[in-house]
Amino acid sequence: MEFSELIYTGRAQAELLRGGEAPRLRGTLCVTGHHLLLSPEPQSTPDLWLLLLRSVDSVEKRVAGDSGTITLRCKDLRVLQLDIEGVETTLDIARSIEALSSLESVITSFPFFYRPKGLRLGDAWHFHPPERYYKRVARETTAWRLSEVNQDFSLCPSYPRAVIVPRTVDDDALARCARFRQGGRFPVLSYHHAPTGTVLLRSSQPLAGPQKKRCAEDEELLAAVLACGPPGARGFIVDTRSAQAAKQARLTGGGTEAKAAYPGWRRLHRPLERGRPLQESFMRLVKACGDTEQSMDLWLSRLESCHWLAHVKEALTTACLAAQGMEREGACILVHGTEGTDNTLLVTSLAQLILDPLSRTMTGFQELVEREWIQAGHPFQLRCAHSAFSHTRPKHEAPTFLLFLDCVWQLSRQFPLSLEFGEGLLLTLFEHAYASSFGTFLCNSEKERCLCEVRTRTHSLWSALNQAKEQRKLRNPLYVLNPLTIWPSVEPQSLRLWQGMFLRWSRPPESSEVVWEKVWQIVAEGEKTEGAQPTASASA
Amino acid sequence: MSREGGNQDLSETVPRLPGEMLITDKEVIYICPFNGPIKGRVYITNYRLYLRSLETDSALILDVPLGVISRIEKMGGASSRGENAYGLDITCKDLRNLRFALKQEGHSRRDMFESLMKYAFPLAHSLPLFAFLNEEKFNVDGWAVYNPVEEYRRQGLPNHHWRITFINKCYELCDTYPALLVVPYRTSDDDLRRVATFRSRNRIPVLSWIHPENKTVIVRCSQPLVGMSGKRNKDDEKYLDAIRETNRQISKLTIYDARPSVNAVANKATGGGYESDDAYHNAELSFLDIHNIHVMRESLKKVKDIVYPNVEESHWLSSLESTHWLEHIKLVLTGAIQVADKVSSGKSSVLVHCSDGWDRTSQLTSLAMLMLDSFYRTIEGFEILVQKEWISFGHKFASRIGHGDKNHADADRSPIFLQFIDCVWQMLKQFPTAFEFNERFLVTILDHLYSCRFGTFLFNCESARERQKVMERTVSLWSLTNSNKEKFKNPFYTKEINRVLYPVASMRHLELWVNYYIRWNPRIKQQQPNPVEQRYMELLALRDDYIKRLEDLQLANSAKLSAASSSPPNSSQMMSHLQTQF
């Protein structure tokens with residue numbers, strides 16, 4: 001195996017400390033190409049302990065006397081400690097973990113080798129193609145069509161093969177629009193809000209440049225969007241940058257839609273933090289949550305200075321703005337920032353959760369993540385290369401997807417009955433976005449996933465999650481369909497630190513999980529009793 | 001008749017309790033801090049201020065018991081200019097203000113002002129508190145909830161080491177203690193009298209709670225009268241040792257002085273102090289650093305400043321931090337955890353005191369008992385806990401709340417009981433299945449802490465209540481709660497005996513009780529009743545329905561079977577089998 005040269009020592013005697021109340025494990029430690037294994041000594045628990053190397057975020061080693069200690073900080077924010085016999089062994093193992101956990105090649109990553117029982121390759125990949133969502137739109141309106149202009153990814157490398165566009169705009173016009181938008185991301189339909197007939201679109205910034213260039217086809221496309229909307233519809237362009245930053249982008253060839261060129265459209269600037277500052281906010285927060293030394297009396301101001309909750313608030317506020325425009329003002333909304341692959345998706349996906357009851361179901365939410373994040377070209381591989389513990393300077397990393405999950409959690413806290421899934425699903429998605437045995441979050445775009453044959457050579461997370469045995473962990477037992485729009489309160493008093501995420505490994509003894517478990521019991525008992533009835537009468 | 005809100009025969013739909021009388025009504029403009037001025041009609045009775053909007057697009061109703069009012073001010077004068085500049089500004093004890101504007105002509109606010117002054121502050125006008133006029137009838141008697149002899153019997157008392165003494169039967173030993181006290185078996189009543197001379201306000205150490213297995217105890221008292229000269233008292237020293245010796249395995253008695261050590265030292269100047277090492281060889285003293293009533297009052301004032309009328313937006317968390325409210329909550333909880341841990345581990349018995357032993361001491365003993373004894377986590381158990389550790393042991397409700405008293409700036413007022421309920425709420429949140437009652441129960445208790453509709457929280461101590469015949473002449477709050485129990489039940493409650501709850505008292509896990517402190521602000525989302533509880537109740541009802549249908553079927557089956565077979569299965573056996581299944 002090609003990993004062998006990176007495994008300097010394959011075996012050692014070690015003791016594992018997992019923090020919290022988990023018992024210590026002592027046994028033989030093994031490094032393989034993708035995993036760290038600990039097989040406990042016979043007398044202790046028989047279970048093999050397994051850690052995907054990809055989920056290690058940072059490795060810290062210390063040696064003293066004839067043994068050493070390795071501290072592994074994982075991408076799911078867990079901290080593990082390994083006490084290992086032998087100084088050389090410790091250093092070798094640390095080196096192996098460091099090398100193997102940061103391999104960049106996609107096709108040698110574990111999902112290409114993982115063959116779980118009970119799942120068939122390629123099974124779930126057909127769950128959520130763009131065609132599926134188009135079918136829903138087509139039932140609601142005839143004004144939109146599915147275009148395969150990007151069939152070979154030549155127009156836009158970060159878009160899927162098929163996108164939904166106004167029926168009146170042909171593929172040639174789309175091709176010219178693509179040339180006017182950064183990365184070829186011309187405006188496409190993100191969500192059709194049937195109750196008001198308005199739409200949510202997303203794109204990247206127009207390439208106006210210092211000369212304030214224009215593009216007739218792009219202008220026609222947006223005019224066509226208004227024509228598809230309710231009579232007399234207006235449009236709002238929600239730019240996720242400040243007016244200043246948007247203006248400055250002209251110098252590097254970007255910019256904004258000129259007011260005069262897009263009649264009926266108005267631009268609103270709602271700056272959202274991205275990139276490095278967002279990543280640093282995440283790192284500060286995780287550090288604060290794990291800092292047991294610090295005087296707790298200053299906890300609240302420290303939490304505030306991390307700004308994470310401020311980012312949550314901004315994201316939700318902007319999503320509410322978009323949703324409000326569609327629901328209350330009968331307006332069409334176009335969202336973009338610079339590339340249109342980060343905050344743009346954050347806003348469009350949250351707005352849909354607020355407006356669309358279907359996206360709040362188990363299937364609907366999976367479809368939303370697949371459509372608005374994975375297929376829409378959020379560069380997961382770049383953004384999630386490292387989590388909060390990495391010592392390397394963040395390059396492309398940013399926890400935009402985690403911010404999305406946090407906002408969803410805030411929604412679920414404010415509307416505890418309206419989402420069909422629970423915290424369990426959100427935590428699972430976080431874990432798998434950063435390190436996974438499944439192919440779902442691999443690569444940065446559909447194009448890359450095609451090149452790597454992800455769909456045929458790896459298993460989909462969705463099919464694993466949709467197995468019956470996983471449901472209890474993921475579903476919200478109290479769910480009742482809420483056909484209304486759910487407007488969250490975005491006051492700072494209404495937003496909470498997501499303890500289940502950030503204090504997950506040091507939580508209070510009892511938490512909402514206990515309540516969840518109780519409700520499940522009641523639901524299960526109800527079903528059992530219901531099921532028991534025919535038997536009772538049959539025995540008569 | 002027992003319905004909350006009472007009869008509705010008075011002027012269309014103004015609710016009225018039996019015994020409640022309309023005093024005056026008037027057209028006013030209510031200056032709502034959230035939605036702007038709203039024209040309405042205000043009705044003032046001897047119990048409440050009730051306002052109904054007269055505007056078609058607003059269904060606003062204000063229903064405020066007069067007991068909640070702490071201050072009434074006139075704003076503007078006859079010559080004030082500007083819209084709505086003339087009227088009344090009412091400060092409430094429950095963290096809100098109410099402003100009404102009236103017409104300037106003809107001293108129009110005068111009778112409203114005077115009626116409010118008279119009935120919100122009846123004590124200044126030699127009028128009775130409304131609780132004495134309230135003629136509500138309930139189908140349960142809340143006064144019967146707490147019977148000290150029964151409660152001590154539940155704890156297994158008296159036993160070989162502890163006896164019940166009637167030395168305070170007529171409150172002659174200590175006028176702020178209950179009539180019934182539990183003390184070490186070996187100590188005579190004469191000894192107790194001598195100990196009383198050495199404890200502030202004669203509040204001698206007496207038993208609050210005994211551990212059912214290891215027999216360690218929680219004992220409460222006031223500070224010893226050590227003074228500047230470092231006085232000692234042999235009887236007090238002997239008495240503390242007698243307490244320690246009720247449990248043979250234990251070599252040290254733990255004393256928790258709730259105060260910061262500096263305050264304890266400072267108290268020597270006024271004749272108080274703490275137990276010194278040389279005088280009490282077999283005791284170990286620690287200070288719990290909980291601040292006094294003045295600090296707590298100022299802290300809550302700051303909380304109000306950041307939540308009402310406008311919620312602090314830009315630096316919410318650091319503003320919240322600067323109120324120190326959660327920090328105080330943390331210290332109280334941490335102290336109670338230490339008490340509970342000492343006792344539950346059987347390491348030592350614990351003696352708790354502060355200065356007078358009626359504020360911080362009540363907080364610590366009652367919270368520790370709540371952690372240790374699952375009985376107090378039931379609705380009636382909690383009522384007994386409040387009745388015992390707070391009401392009977394002389395927490396000065398009248399002074400701390402200022403019932404019917406117009407002196408709003410009285411330095412004796414302090415939110416000590418509110419702080420206790422906040423701590424209970426923090427525990428509720430951390431242990432969602434451990435309490436029989438829900439958040440609404442706690443909010444209801446706090447609402448009636450101020451309302452003066454019930455006699456429960458009136459007066460400072462048992463002797464005063466007895467003189468005023470409170471139990472005969474007023475209704476107990478527990479009559480209301482216990483005749484509406486379903487409303488106050490936590491559907492997730494799972495009965496667990498002997499489980500000790502240790503809440504996490506780290507700042508990371510404490511939260512501001514938004515549903516209480518910010519409940520007046522319509523922009524802060526609060527869901528009443530809690531939708532999770534609501535939905536769960538529906539599921540429970542559904543399950544009960546299934547069970548009932550299944551039982552019916554099984555009964556029908558067993559009837560058929562017994563007709564057909566010679567050895568019929570016992571249907572009641574089948575039933576009991578079924579019961580265990582669910």
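Here are some friendly notes on a few features of this predicted model, covering chains A and B.

1. Let's begin with helix α12 of chain A. This helix runs over residues 400-414, 15 residues in total, and spans 21 Å from its first C-alpha to its last, close to the 21 Å expected at 1.5 Å a residue. Because 14 of its 15 residues are buried, α12(A) is largely enclosed by the rest of the structure.

2. One residue to look at in that helix is A:F401. Its relative accessible area is 2%, so A:F401 counts as buried, the cut-off being under 20%. Setting aside neighbours within four places in sequence, A:F401 is in contact with A:V369, A:W373, A:H378, A:F380, A:L429, A:A433 and A:F441. As for A:V137, 264 residues away along the chain, its C-alpha atom is separated from that of A:F401 by 26 Å.

3. Next, the nonpolar cores. The largest has 236 residues, and the members touching the most others are A:F365, A:F404, A:L429, A:F502, B:F382, B:F417 and B:Y517. There is also a second, separate core of 34 residues, which includes B:L173, B:L181, B:V195 and B:V217. To see the surroundings of A:F365, look for A:L353, A:L358, A:S359, A:F404, A:V408, A:F421, A:L425, A:L426 and A:L429, which A:F365 touches when residues up to four places away in sequence are not counted.

4. Helices α8 (residues 308-328) and α9 (residues 343-355) of chain A are a pair to inspect together: their axes come within 8 Å and cross at roughly 60°. The two helices are therefore oblique to each other, and α8(A) passes α9(A) in a right-handed crossing. On the α8(A) side the contact includes A:A315, A:L316, A:A319 and A:A323, and on the α9(A) side A:L346, A:V347, A:L350 and A:I354 are among the residues taking part.

5. Now for the backbone of chain B. Most peptide bonds are trans. The bond from B:L157 to B:P158, however, is cis, with omega near 0°, and B:P158 is found in the loop between α2 (148-154) and β8 (162-165). Another cis peptide bond joins B:Y308 and B:P309, with omega about -5°; B:P309 is in the loop between α6 (293-307) and α7 (316-323).

6. Two residues of chain B are worth a glance for their phi. B:D289, although not a glycine, has a positive phi of about 65°; it lies in the loop between β13 (283-287) and α6 and is partly exposed, at 38% relative accessible area. B:N498 is not a glycine either, and its phi is positive at about 65°. This residue lies in the loop between α16 (477-482) and α17 (514-517), and B:N498 counts as exposed at 52% relative accessibility.

Conventions:
Residues numbered from 1 in each chain as written. Chains lettered and ligands numbered in written order. Predicted model: local features only at pLDDT ≥ 70, side-chain atom pairs only at ≥ 80, totals over all residues. Heavy atoms only, no water. Helix = DSSP H or I, 4+ residues; strand = E, 2+ residues; numbered from the N terminus. Expected span 1.5 Å × (residues − 1). Buried < 20%, exposed > 50% of the residue type's maximum accessible area, 1.4 Å probe, protein only. Core = buried A, V, L, I, M, F, W, Y, C linked by side-chain atoms within 4.5 Å. Contact = heavy atoms within 4.5 Å. Axes fitted to C-alpha atoms, helices over the stretch in contact; angles between N-to-C directions. Parallel < 35°, antiparallel > 145°, perpendicular 65-115°, else oblique. Left-handed = near helix turned anticlockwise from the far one by under 90°.
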